Amino acid sequence: MALLRGVWGVLRELGKSGMELCSGCGNRLRSPFSFVYFPKWFSSTLGSYPKKPMSSYLRFSKEQLPIFKAQNPDAKISELVRRIAELWRELPESQKKMYEDAYKADWQAYKEEINRIQEQLTPSQMISLEKEIMQKRLKKKALIKKRELTMLGKPKRPRSAYNIFVSESFQEVKDGSSQAKLKYVNETWKNLPSSQKQVYIQLAKDDKIRYDNEMKSWEEQMIEVGRSDLIRRKMKNQTKDDIGEY
């Protein structure tokens, strides 16, 4: 987990989007505050908020990553971050203290700037601003979680019979907007004979078997590497029962 946090932290500070590691992960995510209306001034106020200072380790990583990348142009980012983490662990405490002191100074300046901005807001503005900040945090947390699972190779969820049909039908329908295509596909599915629907139902069952087998193998790997927090509750209970037999 620390390694993954390091990867995304370094990429964020370098201005990377993470697309090199997770293509197509940026789906729109809903949050509990998606219904809240925010006046235009909130976005400008939030935009003026200073960025949190980099930790001592991230500061060190940002310095070292270009050097490691130049020396190892074909290496993956995750491998470079792993090497930088090893170098950080071996760094003398006197050198680490330089980065820690810089972080503490930046953190103090960050807190002072936050207080200055908040003092200019009314109580109602503060409440609304906190909601917007929470909304952004929830989106960011969900996106990071999804990227992490993709990096760890979590199997794709099984498709339903209808989803398989839609996927195939969309490729066949070439004319019209996406909304018109979807409407046409929905009507086609409703009028599809049961015998033809059965074909897609069987494909969905096969995909469910594929998913169950892949998930079982993946969750066993997660347990081995100490990531039992990612496995399903059913798998956790099964693991406890297996331990109890010994």
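The protein chain comprises 10 helices and zero strands. The coordinates belong to a predicted model. Along the sequence, the elements follow the pattern α-α-α-α-α-α-α-α-α-α. Of the 246 residues in the protein chain, 30% are buried. Among contacts between residues at least 6 apart in sequence, 71% join residues at least 24 apart. The accessible surface of the protein chain amounts to about 17200 Å², and carbon and sulfur atoms account for 53% of this area.

Helix α3 spans residues 56-71 and contains Arg59. The relative accessible area of Arg59 is 16%; because this value lies under the 20% limit, Arg59 is classed as buried. When neighbours within four places in sequence are left aside, the contacts of Arg59 are formed with Met54, Tyr99, Ala102, Tyr103 and Asp106.

Lys62 is likewise located in helix α3. Its relative accessible area is 33%; since buried means under 20% and exposed over 50%, Lys62 is assigned to the partly exposed class. Whereas Arg59 is buried, Lys62 is partly exposed and contributes to a positive surface patch.

Conventions:
Residues numbered from 1 in each chain as written. Predicted model: local features only at pLDDT ≥ 70, side-chain atom pairs only at ≥ 80, totals over all residues. Heavy atoms only, no water. Helix = DSSP H or I, 4+ residues; strand = E, 2+ residues; numbered from the N terminus. Buried < 20%, exposed > 50% of the residue type's maximum accessible area, 1.4 Å probe, protein only. Contact = heavy atoms within 4.5 Å. Patch = residues over 30% accessible without salt bridge, like charges linked within 9 Å, V, L, I, M, F, W, Y side chains within 5 Å. Areas by Shrake-Rupley, 256 points an atom, 1.4 Å probe, with all protein chains shown as cover. Salt bridge = Lys/Arg side-chain N within 4 Å of Asp/Glu carboxyl O. Lys, Arg positive; Asp, Glu negative; His and termini not counted. Charge placed at Lys NZ, Arg CZ, Asp CG, Glu CD.
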